[in-house]
Amino acid sequence: MSEVDAVGPKCPLCSGGKIEIYIDAKGGTLAADALGSSRTNVTHGKILRCQSCRFVFSEFRPADEELHTLYRQMDPTVYEKEAPGRLKTAERHLKMVGRHASGGKLVDVGCASGSFLSVAAEAGWAVTGVEPSEVLASHAKEAVRGRGEVYCSTLQEANLAPASFDALTLWDVLEHVTDPVAFLGDCAGLLKPGGYLFANLPDISSIQARLLGERWPLLLAEHLNYFDRDTLKLCGEKVGLQWVAFDRRPASFTLEYILYRLSQHRIPASEFGYRMVQKNALGSMSIPIYLGETFAVWTRS
């Protein structure tokens, strides 16, 4: 791995200046065709690693305004098509939350179409959702109608009361933000003392990431940050969160979608499999799959 010029980018986690190239690849500029489940462009661009804290991150760091605009314009068609599988994943998330927190007020930041909000409300949580995409936020509002509140905004724009929630969830969110430390700090500030923060996100040190290398399906232009458990613990420590536990969970998708995504990343035999299951009952079967993610739990001391 070669070192990046000393006047180049700083580490988003520790601000260190000793940066090396982790994966040297072209592309990576974030545009509508590279965003969300409907993406057709999977080029991720150059990936860097900090020599000090070992945090891995994308060289491309868009301005917050540009990022927010893109997410508001995101095509949710494929995401919504996978709704049954996402509901199963949400139910798994709730079980994992239930191991640490039993109820109260919960805010789901980046709540998408509200699958998790809905199952949490059903379980007795008083729920709030935050989602910048207008289409997804409208679906989330419908999912929790009369049982919770959804803000169509960024977390900062939602202006939620500090220290007012017993639990905060970040499902596939922390990898997308431009300043992960500041963002996690904003989230921590919403928790009551003793409250819990839960996150699920890609793990760059997972077996899947190490085996597949550049073909790992979670290497995407929209993923700006690639944590592992050590760098996640460090990020939490920086904002006053105490690490509690790590775990792993599968995500549920249709076989057609799984094979389509794998074929985009040139996984052997996946394109043939995708053509075989398209538009038949086998393709619509929802199955759980481990993609190489980690589930993290912190508490606010």
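**View 1. Cys 111 and its closest cysteine sulfur.** The sulfur of Cys 111 lies 9.2 Å from the closest cysteine sulfur, that of Cys 152, which is too far for a bond; a disulfide is taken as a pair of cysteine sulfur atoms within 2.5 Å. Cys 111 is buried, with a relative accessible area of 4% (buried, under 20% relative accessible area; exposed, over 50%; partly exposed, in between; 1.4 Å probe, protein chains only). The model is predicted: local features need pLDDT of at least 70 and side-chain atom pairs count only at pLDDT 80 or more, whereas totals for chains, interfaces and linings use all residues. Residues are numbered from 1 along each chain as its sequence is written, and side-chain values use heavy atoms, with hydrogens and water left out.

**View 2. Cys 50 and Cys 14.** The disulfide rule gives a count of zero. Cys 50 is in no disulfide, and the nearest cysteine sulfur, that of Cys 14, is 3.6 Å away. Cys 50 is also buried, at a relative accessible area of 0%.

**View 3. The open sheet.** Seven strands form an open sheet with mixed pairing, in the order S6-S5-S4-S7-S8-S13-S10. Strand S6 (148-151) and strand S10 (241-247) stand at the edges with a single partner strand each, so one side of each has no neighbour in the sheet. From one strand to the next, the twist averages 15 degrees. Strands (E, at least two residues) and helices (H or I, at least four) are DSSP runs numbered from the N terminus, and two strands pair if DSSP finds at least two bridges between them.

**View 4. Strand S4 and its parallel partners.** Strand S4 (residues 105-109) pairs with strand S5 (residues 126-130) in the parallel sense over five bridges. Within S5, Ala 126 is the bridge partner of Lys 105. S4 also pairs with S7 in the parallel sense, over three bridges, and Asp 108 has Thr 169 in S7 as its bridge partner.

View 5. S7 and S8 pair in the parallel sense over six bridges, and Trp 171 stands opposite Asn 200 in S8. The chain passes from S7 through helix H7 (residues 180-188) to S8 in a right-handed β-α-β crossover; right-handed denotes a clockwise path from the first strand over the helix to the second, with the strands pointing away from the viewer.

Technical notes: Axes are lines fitted to C-alpha atoms, for helices over the stretch in contact, and angles run from 0 to 180 degrees between N-to-C directions.
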